[in-house]
Every structure is written in C-alpha cells, then in structure tokens.
Amino acid sequence: MIAGFDRPDAVLAGIESRTSSPLRIPRDEHMESPVRGLFPCGEGAGYAGGITSAAMDGLKTGEELIRRFAPF
Ligand SMILES: Cc1cc2nc3c(=O)[nH]c(=O)nc-3n(C[C@H](O)[C@H](O)[C@H](O)COP(=O)(O)OP(=O)(O)OC[C@H]3O[C@@H](n4cnc5c(N)ncnc54)[C@H](O)[C@@H]3O)c2cc1C
C-alpha cells in the first residue's frame, strides 16, 4: 500500500513484528523484586515498550537505588 515499499525487484521485505516482553517480573513500590536486592527494570523485565519508556523506568529505578544505597 505504501508507494516504493513493495518493489518487484525486492529480495526480502522485513516487517517489525516483535512485541515487548510477554512476561513481567513482579516488584514492589520501591522497584525491588521478591528476590531481595534484585531491581528488575526496562523492557526485559516487562516494564517498558520502547526507548523512552525503558529510559524512564531505568531512571525511576536508579532513583530508588540511590534512595536505598546512597541517600544524600
Ligand atoms: C529492531 C528494533 C527496533 C526498535 N525500534 C524502536 C523504536 O523505533 N522506538 C522505540 O521506542 N523503541 C524501539 N525498539 C525497542 C527499544 O529498543 C527497547 O524497548 C529498549 O531498547 C529497551 O531498553 P532496555 O534498556 O530495557 O533494554 P536493552 O536496550 O535491551 O538493554 C539491555 C542491556 O543488558 C545487556 N545484558 C543482557 N544480558 C546481560 C547480562 N547477563 N549481563 C550483562 N549485561 C547484559 C545487553 O547487552 C543490553 O545492553 C526497537 C527494538 C528493536 C529490536
């Protein structure tokens, strides 16, 4: 449907079909999992679906780590 996308001489057309993580590692309000000391975050942990949401989740998790281990 998109002009210039599907060409007769194309060898392979790749579509982006992957979705984000189908699982989510549980964590509490301080970003810590039931496995104490483990702070799952980002896409692989099931808390993000793209670059910006992964970055924001990492930022929030980092702030929790600072609050816990290096408060100022
Ligand atoms: C082809 C493709 C296109 C995409 N396009 C877009 C887009 O246009 N816009 C958008 O918003 N999102 C896009 N995404 C999604 C986006 O890239 C991810 O959601 C985002 O990068 C997730 O960030 P993350 O930090 O959670 O994980 P990642 O960026 O995957 O970072 C995980 C890191 O952990 C490291 N690691 C893994 N295992 C270990 C280990 N055992 N020890 C040490 N390090 C380890 C890896 O090397 C990696 O550096 C795309 C993804 C793909 C695959």
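A polar contact here is a pair of N or O atoms within 3.5 Å; within protein, one atom must be able to donate a hydrogen and the other to accept it, and residues adjacent in sequence count only if both atoms are side-chain atoms. The model is predicted: local features need pLDDT of at least 70, side-chain atom pairs count only at pLDDT 80 or more, and totals for chains, interfaces and linings use all residues. Residues are numbered from 1 along each chain as its sequence is written, and side-chain values use heavy atoms, with hydrogens and water left out.

**View 1. Backbone atoms of Gly50, Glu43 and Ile51 at the ligand.** A backbone N or O atom of Gly50 sits 3.5 Å from an oxygen atom of the ligand. For Glu43, the distance from a backbone N or O atom to a ligand oxygen is 2.8 Å. For Ile51, it is 2.7 Å. The ligand taken alone exposes 1000 Å², and the protein buries 26% of that (Shrake-Rupley method, 1.4 Å probe).

View 2. Arg27 lies in the segment before helix 1 (51-69). Helices are DSSP runs (H or I, at least four residues), numbered from the N terminus. The Arg27 side chain reaches the backbone oxygen of Pro40 at 2.8 Å. The Arg27 side chain also makes a polar contact of 2.7 Å with the side chain of Asp57. Leaving aside residues up to four places away in sequence, Arg27 touches Glu32, Ser33, Pro40, Cys41, Tyr47, Asp57 and Thr61 (heavy atoms within 4.5 Å).

**View 3. An aromatic pair, Phe39 and Phe69.** The count comes to 1 aromatic pair (Phe, Tyr or Trp rings, the six-membered one for Trp, with centres within 6.5 Å). The ring centres of Phe39 and Phe69 are 6.3 Å apart and the planes meet at 80°, so the pair is edge-to-face (over 60 degrees; under 30 is stacked, the rest tilted). Phe39 belongs to the segment before helix 1 and Phe69 to helix 1, so the pair ties together parts 30 residues apart in sequence. Phe39 counts as buried at 14% relative accessibility. Phe69 counts as exposed at 57%. Buried means under 20%, exposed over 50%, partly exposed in between.

**View 4. Thr52 in helix 1.** Thr52 is exposed, with a relative accessible area of 57%. Thr52 and Gly42 are 10 residues apart in sequence and 9.9 Å apart in space, C-alpha to C-alpha.

Terms used:
Helices (H or I, at least four residues) and strands (E, at least two) are DSSP runs, numbered from the N terminus. Buried means under 20% relative accessible area, exposed over 50%, partly exposed in between (1.4 Å probe, protein chains only).
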